[in-house]
Amino acid sequence: MEKYTLKITADLRPSYYDDFHCLAERCRISCCVGWEVTFNKKDYLGLKQQKGTEELDRRLAHGIRRIRKENPTGHYAEFDLLEGGVCPLLRDDHLCALQAEKGHGALPEVCQKFPRAERYLPSGYLERSLVPACEGVLELLWQMPDGIDFRSGPLPQKQCASLTFQNAQSREIHFQDIRGWCIDTLQDRRYPLPERILRMGIGLRELADGGGSIGQWMKDVHALLDNEKDVYLSEAERQRVLPMFLSNNRNLLQHLRSRDPDFPDLQTEVWNAFCVKPEGELPPGMSAAQLVWLAACGRYEKQFGDREYFMENLMVAVFYHLHFPKLEPGEALWKSFVNFCNIYSFYRYMMVMSCREGSPGGREELFRAVVHVSRCLLHNSARQEELRDEFFANDSATLAHMAILLSG
């Protein structure tokens with residue numbers, strides 16, 4: 001079987017990547033709270049060798065512990081979190097004691113990088129991204145009404161690399177063209193965002209089913225975007241499937257877990273919002289939960305109707321960060337689309353419910369919802385797979401069911 005080697009000599013990153021900086025003491029949802037921060041032996045020894053003020057020495061002496069159990073990930077040690085999942089190095093002024101005294105370079109690699117990520121990919125680039133589990137990243141997405149573009153630059157020689165494919169016919173060789181079409185589709189503002197995602201799904205379903213060359217598929221899917229035939233649910237259909245949309249996300253909200261002490265509060269607040277019984281009789285065919293949802297939708301539209309681009313930017317950032325669509329092996333492509341639809345659906349649900357009755361609303365509450373969804377889903381691939389596989393186990397991984405996830 002003929003092999004194929006791809007040389008990687010440049011990076012690829014979203015334009016806002018270069019503008020990121022930590023909000024430090026301005027951050028309301030700190031990455032130093034609610035995370036299990038693990039690191040390798042090199043970082044562990046580096047932390048043990050640090051010497052500073054009496055306070056810093058005390059924090060380091062009591063705040064780090066070895067991971068004694070066998071760990072195949074290579075994680076050697078972790079911070080011994082305080083009550084509420086707080087990092088022992090976090091000071092009362094919300095700054096890191098180690099960084100304040102010793103500088104950014106003294107931090108473990110995981111702390112230095114977050115929310116950044118990088119990986120060599122079949123796109124032909126070292127791809128750099130920012131995960132939207134950080135308020136600083138969300139601020140950047142908020143400030144980009146014209147959408148996201150991407151930048152590339154040459155890599156230093158020591159960072160250049162090669163990827164070898166065992167099969168020269170692998171679909172992964174065409175990853176950049178396929179992913180590029182997906183991102184173009186997500187940013188095609190001729191259609192509402194849910195319809196763009198559904199159109200992308202129609203194209204990916206055809207690719208997943210096979211039966212043609214990638215070149216022919218690219219021609220066909222470009223025509224798909226220009227076809228103005230309705231592919232999305234009508235308003236009446238969306239109202240009909242709304243109970244299923246709400247039920248799926250209610251179950252997801254109920255079963256998600258996080259060490260962040262603020263997340264259970266958010267869960268309870270959203271859950272309780274649906275428990276409020278409206279005054280008077282309900283409109284025919286409408287449940288109390290639907291009434292609560294539609295009222296929140298009205299407040300959301302009033303507050304953020306001119307910020308539709310933010311949801312677009314968020315989903316483009318997620319799609320790029322998670323290296324979607326997965327192309328190999330087997331059903332990976334369609335599974336990644338199902339995963340993406342579920343993530344979108346829960347973002348939509350929690351963002352709208354940031355405008356629930358009794359909520360302070362506004363951008364801060366919206367960001368609170370987005371950060372927590374990102375932390376619970378984007379940083380836990382096992383949880384994503386579990387949720388995705390439930391759709392397949394229940395015969396719900398169809399394009400029609402994805403339309404329901406997008407209907408809210």
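This is a predicted model: local features need pLDDT of at least 70, side-chain atom pairs count only at pLDDT 80 or more; totals for chains, interfaces and linings use all residues.
Residues are numbered from 1 along each chain as its sequence is written, and side-chain values use heavy atoms, with hydrogens and water left out.

Two more terms are needed at the outset. Helices (H or I, at least four residues) and strands (E, at least two) are DSSP runs, numbered from the N terminus. Buried means under 20% relative accessible area and exposed means over 50%, with partly exposed in between, for a 1.4 Å probe and protein chains only.

I begin with helix α6, residues 175-186, where C182 is placed. C182 counts as buried because its relative accessibility is 0%. Leaving out residues up to four places away in sequence, C182 touches M200, L204, F319 and P325. From C182 to W293 the separation is 111 residues in sequence and 30 Å in space, C-alpha to C-alpha.

T185 lies in helix α6 as well. With a relative accessible area of 0%, T185 is buried. Its side chain reaches the backbone oxygen of W181 at 2.8 Å. Beyond neighbours within four places in sequence, T185 is in contact with R196, M200 and L225.

P325, one of the residues that C182 touches, lies in the loop between α12 and α13. The peptide bond from F324 to P325 is cis, with omega near -5°. H323 lies in the loop between α12 and α13 too. Although H323 is not a glycine, its phi is positive, at about 60°. H323 has a relative accessible area of 14% and is therefore buried.

There is a further cis peptide bond to note, joining F114 and P115, with omega about 5°. P115 lies in the loop between α4 (109-113) and β6 (116-121). A positive phi, near 70°, is also found at H94, again a residue other than glycine. H94 is in the loop between β5 and α3 (97-102).

I come now to the strands. Two strands pair if DSSP finds at least two bridges between them. Strand β2 is largely enclosed by the rest of the structure, because five of its five residues are buried. In a regular strand the side chains alternate between the two faces of the sheet. In β2, A10, L12 and P14 point one way and D11 and R13 the other way.

Which strands does β2 join? Five bridges join β2 to strand β8 (residues 150-154), and these two run antiparallel. Two bridges join β2 to strand β7 (residues 125-130), here in the parallel sense. The bridge partner of A10 in β8 is P154, while L12 stands opposite E127 in β7.

D11 belongs to strand β2, residues 10-14, and counts as buried at 6% relative accessibility. For its side chain I need the term polar contact: a pair of N or O atoms within 3.5 Å, where, within protein, one must be able to donate a hydrogen and the other to accept it, and residues adjacent in sequence count only if both atoms are side-chain atoms. The D11 side chain makes such a contact with the side chain of R13 at 3.1 Å and another with the side chain of R128 at 2.9 Å. Not counting residues up to four places away in sequence, D11 touches several residues, including Y125, R128, R151 and L155.

A separate topic is the open sheet of three strands, with the order β3-β5-β4 and antiparallel pairing. Its edge strands, each pairing on one side only, are β3 (38-39) and β4 (64-66). Two bridges link β3 to strand β5 (residues 77-79) in the antiparallel sense, and T38 has E78 as its bridge partner in β5.

How values were computed: Contact means heavy atoms within 4.5 Å.
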